[in-house]
Amino acid sequence: MYSAEDSPSLYPSPTSMLHNTSQVDVENPDLEKYPKFVDAKLVKCVLSPGEMLYIPPGVWHHIRSLSGSFSVSFWFGPSSAPQLMKKKSSR
(Lines give C-alpha, C1' and ligand atoms only; values in the text may rest on other atoms or scores of the structure.)
Protein backbone atom coordinates (compact mmCIF):
# COMPACT_ATOMS: atom_id res chain seq x y z
CA MET A 1 0.00 0.00 0.00
CA TYR A 2 1.09 3.57 -0.63
CA SER A 3 -0.21 6.72 1.00
CA ALA A 4 -2.21 9.26 -1.01
CA GLU A 5 0.74 11.58 -0.36
CA ASP A 6 2.81 9.32 -2.64
CA SER A 7 0.45 9.86 -5.60
CA PRO A 8 2.92 11.93 -7.66
CA SER A 9 5.51 9.13 -7.33
CA LEU A 10 2.98 6.54 -8.51
CA TYR A 11 2.24 8.28 -11.82
CA PRO A 12 -1.58 8.16 -11.90
CA SER A 13 -3.09 7.47 -15.31
CA PRO A 14 -3.88 10.69 -17.17
CA THR A 15 -7.30 9.41 -18.26
CA SER A 16 -10.26 10.30 -16.06
CA MET A 17 -11.61 6.73 -16.17
CA LEU A 18 -8.35 5.33 -14.76
CA HIS A 19 -7.23 8.28 -12.62
CA ASN A 20 -6.87 5.96 -9.63
CA THR A 21 -4.64 3.51 -11.52
CA SER A 22 -0.86 3.77 -11.47
CA GLN A 23 1.10 3.57 -14.70
CA VAL A 24 3.93 1.83 -12.80
CA ASP A 25 4.25 -1.95 -12.73
CA VAL A 26 5.09 -2.06 -9.02
CA GLU A 27 6.50 -5.59 -9.24
CA ASN A 28 8.83 -4.65 -12.09
CA PRO A 29 9.08 -0.84 -12.23
CA ASP A 30 10.73 0.93 -15.15
CA LEU A 31 12.74 3.47 -13.16
CA GLU A 32 13.98 5.21 -16.29
CA LYS A 33 10.40 5.95 -17.30
CA TYR A 34 9.10 6.50 -13.72
CA PRO A 35 12.08 7.76 -11.68
CA LYS A 36 10.05 9.25 -8.82
CA PHE A 37 8.67 5.79 -7.99
CA VAL A 38 11.74 5.15 -5.81
CA ASP A 39 10.45 7.89 -3.46
CA ALA A 40 7.14 6.11 -2.77
CA LYS A 41 7.02 4.45 0.65
CA LEU A 42 5.65 0.91 0.45
CA VAL A 43 3.77 -0.67 3.36
CA LYS A 44 3.44 -4.45 2.95
CA CYS A 45 1.11 -6.84 4.68
CA VAL A 46 0.24 -10.51 4.34
CA LEU A 47 -3.22 -11.64 5.32
CA SER A 48 -3.90 -15.06 6.80
CA PRO A 49 -7.02 -17.12 6.05
CA GLY A 50 -10.11 -15.46 7.48
CA GLU A 51 -8.52 -12.01 7.72
CA MET A 52 -9.55 -8.95 5.76
CA LEU A 53 -8.11 -5.53 5.16
CA TYR A 54 -9.92 -2.22 4.91
CA ILE A 55 -8.20 0.13 2.47
CA PRO A 56 -9.32 3.74 2.99
CA PRO A 57 -10.16 5.92 -0.01
CA GLY A 58 -7.08 7.46 -1.58
CA VAL A 59 -4.70 4.72 -0.44
CA TRP A 60 -2.94 3.11 -3.39
CA HIS A 61 -2.75 -0.66 -3.30
CA HIS A 62 -1.49 -3.62 -5.28
CA ILE A 63 -2.65 -7.12 -4.47
CA ARG A 64 -0.99 -10.40 -5.32
CA SER A 65 -2.58 -13.62 -4.16
CA LEU A 66 -0.20 -16.18 -2.69
CA SER A 67 -2.91 -18.87 -2.89
CA GLY A 68 -6.51 -19.21 -4.05
CA SER A 69 -8.56 -16.25 -2.88
CA PHE A 70 -11.10 -13.64 -3.88
CA SER A 71 -11.51 -9.95 -3.21
CA VAL A 72 -14.51 -7.68 -3.06
CA SER A 73 -14.39 -3.95 -3.74
CA PHE A 74 -17.06 -1.41 -2.93
CA TRP A 75 -16.76 1.97 -4.63
CA PHE A 76 -18.73 4.82 -3.20
CA GLY A 77 -18.77 8.27 -4.70
CA PRO A 78 -18.75 11.51 -2.70
CA SER A 79 -22.55 11.63 -2.82
CA SER A 80 -22.70 8.33 -0.86
CA ALA A 81 -20.48 9.49 2.02
CA PRO A 82 -23.13 11.55 3.94
CA GLN A 83 -25.62 8.68 3.71
CA LEU A 84 -23.04 6.17 4.97
CA MET A 85 -22.01 8.41 7.85
CA LYS A 86 -25.68 8.99 8.79
CA LYS A 87 -26.31 5.23 8.91
CA LYS A 88 -23.17 4.67 10.97
CA SER A 89 -24.00 7.39 13.51
CA SER A 90 -27.57 6.14 14.00
CA ARG A 91 -26.40 2.74 15.31
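Tyrosine 2 and phenylalanine 37 are both buried, a term that stands for under 20% relative accessible area, with exposed meaning over 50% and partly exposed the range in between (1.4 Å probe, protein chains only). The model is predicted, so local features need pLDDT of at least 70 and side-chain atom pairs count only at pLDDT 80 or more, while totals for chains, interfaces and linings use all residues. Residues are numbered from 1 along each chain as its sequence is written, and side-chain values use heavy atoms, with hydrogens and water left out.

**Aromatic pairs**

The structure holds 2 aromatic pairs. A pair requires ring centres within 6.5 Å for Phe, Tyr and Trp (its six-membered ring); planes under 30 degrees apart count as stacked, over 60 as edge-to-face and the rest as tilted. The ring centres of tyrosine 2 and phenylalanine 37 are 5.9 Å apart and the planes stand at 55°, so this pair is tilted. Because tyrosine 2 lies in the segment before helix H1 (7-10) and phenylalanine 37 in the loop between H1 and helix H2 (81-89), the pair ties together parts that are 35 residues apart in sequence.

**Secondary structure and core**

The protein has 2 helices and 0 strands. Both kinds of element are DSSP runs numbered from the N terminus: helices (H or I) have at least four residues and strands (E) at least two.

The largest nonpolar core has 8 residues in all: Tyr2, Leu10, Tyr11, Val24, Tyr34, Phe37, Ala40 and Trp60. Such a core is a set of buried Ala, Val, Leu, Ile, Met, Phe, Trp, Tyr and Cys residues joined through side-chain atoms within 4.5 Å. In soluble globular proteins, nonpolar side chains tend to be buried together.

Valine 24, one of the core residues, is in contact (heavy atoms within 4.5 Å) with Leu10, Tyr11, Pro29, Tyr34 and Phe37, leaving aside its neighbours within four places in sequence. Tyrosine 11 is placed in the loop between H1 and H2 and has a phi near 50°, a positive value in a residue other than glycine. Most residues other than glycine have a negative phi.

Serine 9 is in helix H1. Not counting residues up to four places away in sequence, serine 9 touches Lys36, Phe37, Asp39 and Ala40.

**Salt bridge and accessibility**

The count comes to 1 salt bridge, defined as a side-chain nitrogen of Lys or Arg within 4 Å of a carboxyl oxygen of Asp or Glu. The side chains of glutamate 27 and arginine 64 form it, at 2.9 Å from N to O. Glutamate 27 and arginine 64 both lie in the loop between H1 and H2, so the pair ties together parts that are 37 residues apart in sequence.

Serine 71 is also found in the loop between H1 and H2. Its C-alpha atom is separated by 9.2 Å from that of methionine 52, 19 residues apart along the chain.

| Residue | Relative accessible area | Class |
|---|---|---|
| Serine 9 | 10% | buried |
| Tyrosine 11 | 15% | buried |
| Glutamate 27 | 46% | partly exposed |
| Arginine 64 | 58% | exposed |
| Serine 71 | 58% | exposed |

**Whole chain**

Of the 91 residues of the protein, 14% count as buried. Among contacts with a separation of 6 or more, residues 24 or more positions apart account for 60%. The accessible surface comes to about 8000 Å², of which 59% belongs to carbon and sulfur atoms; areas come from the Shrake-Rupley method with a 1.4 Å probe, and for residues only the protein chains shown count as cover.
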